[in-house]
Amino acid sequence: MTEFLGPTATEASEGAVPPEVSVIIVTYGNETTIDACLDSLAAHTACPYEAVVVDNSPNDATWARIKAFGHQWPGLALTAIRPGHNIGFAAGCNLGARHARGDFLLFLNPDTALDTDITAIFRSFWRDRPRAGLLGPRVCDASGRTVLTCRNLPSLWRIFLDATGLDRLVGAYRLLHFDHASPRQVPQLIGACLFTSRRLFEDVKGFDERFFVYFEEVDLCKRLAESGHELWFVPGASVSHRAGTSCESEAAAATMIAQLRRSRTLYFRKHFTAATVLGLALVNTLEGVAKAAVFTALYLGRGGRFYREKARGFWKVATCFGFWH
């Protein structure tokens with residue numbers, strides 16, 4: 001059963017300044033990070049905004065933190081939705097967008113925190129570029145170092161380079177030779193933080209909900225680019241990203257290794273020929289075999305849950321050739 005926390009549409013419109021930006025956050029087991037994320041919004045956002053949180057978590061911990069935050073900051077425009085089961089990231093974002101009232105949407109991961117007033121930077125940047133479709137910030141790790149997040153759109157060759165590790169030298173997929181220091185049009189932005197207009201998001205029908213998690217933002221980037229819109233990396237807008245929570249946690253590693261390849265295959269099935277999808281299936285299988293062997297050897301030699309879960313995930317990929325195509 002869906003639970004709802006926040007004012008009704010009528011209550012929200014009575015005597016309140018309408019938000020310029022709706023910040024949409026989809027959570028899954030983020031009870032340790034959601035407070036910092038919401039705190040950073042309040043600290044760094046000057047314009048009227050609202051936070052719309054969709055909680056996919058399997059337990060009550062994150063929901064309790066969201067409720068407590070709402071009680072602690074009663075002046076914050078906060079809407080929280082609990083679908084009752086994990087509907088996935090893409091569907092969660094779309095659900096949040098349907099409850100949004102702002103002219104702009106900021107999709108923000110719950111394990112991020114704003115370092116600057118990115119809504120002001122993004123709004124200014126957007127209004128100077130009539131073909132803008134999607135904006136993304138500079139992402140910093142826990143040590144403050146810039147994470148190289150911009151990529152080319154996937155192709156079979158680029159996925160092969162990435163799977164074999166050769167792309168660390170070539171940079172054909174991950175754009176490693178771009179310094180991430182100045183604004184630049186890019187083919188693909190990271191899904192941890194994305195800014196767009198609500199009208200445009202509705203025009204393209206939002207995220208494709210067939211992507212449970214991973215590659216939903218890649219698909220959105222491709223559709224926006226094909227419709228003539230520009231995707232911009234804007235380093236003046238900065239967020240910190242705390243990796244290792246939610247689907248990136250050690251406990252979820254095996255499941256999410258397989259899920260990423262499943263979503264990647266779905267993307268290829270949607271945008272490429274059957275022959276290319278078959279080629280991807282071969283790459284997936286070879287990658288699974290090679291990396292499963294490596295992580296199994298590391299687990300046997302060193303022990304540790306990290307190596308064990310990685311090995312399990314890649315063995316799952318290696319043994320599911322029939323599924324991938």
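This is a predicted model: local features need pLDDT of at least 70, side-chain atom pairs count only at pLDDT 80 or more; totals for chains, interfaces and linings use all residues.

Let me begin with a cluster in which ring pairs link Phe-104, Phe-122, Trp-126 and Phe-195, where rings of Phe, Tyr and Trp (its six-membered ring) pair if their centres lie within 6.5 Å, and planes under 30 degrees apart count as stacked, over 60 as edge-to-face and the rest as tilted. Residues are numbered from 1 along each chain as its sequence is written, and side-chain values use heavy atoms, with hydrogens and water left out.

By the pairing rule, the count comes to 19 aromatic pairs. One of them joins Trp-157 and Phe-160, which are stacked at 5.7 Å centre to centre with 20° between the planes. Why are Trp-157 and Phe-160 separated by about one helical turn? Because they are three residues apart in helix α6, residues 156–164, helices being DSSP runs of H or I with at least four residues, and strands runs of E with at least two, numbered from the N terminus. Trp-157 is exposed, with a relative accessible area of 54%, whereas Phe-160 is partly exposed at 32%; here buried means under 20%, exposed over 50% and partly exposed in between, with a 1.4 Å probe and protein chains only.

Stepping back, the secondary structure comes to 13 helices and eleven strands, and buried residues make up 50% of the 325 residues.
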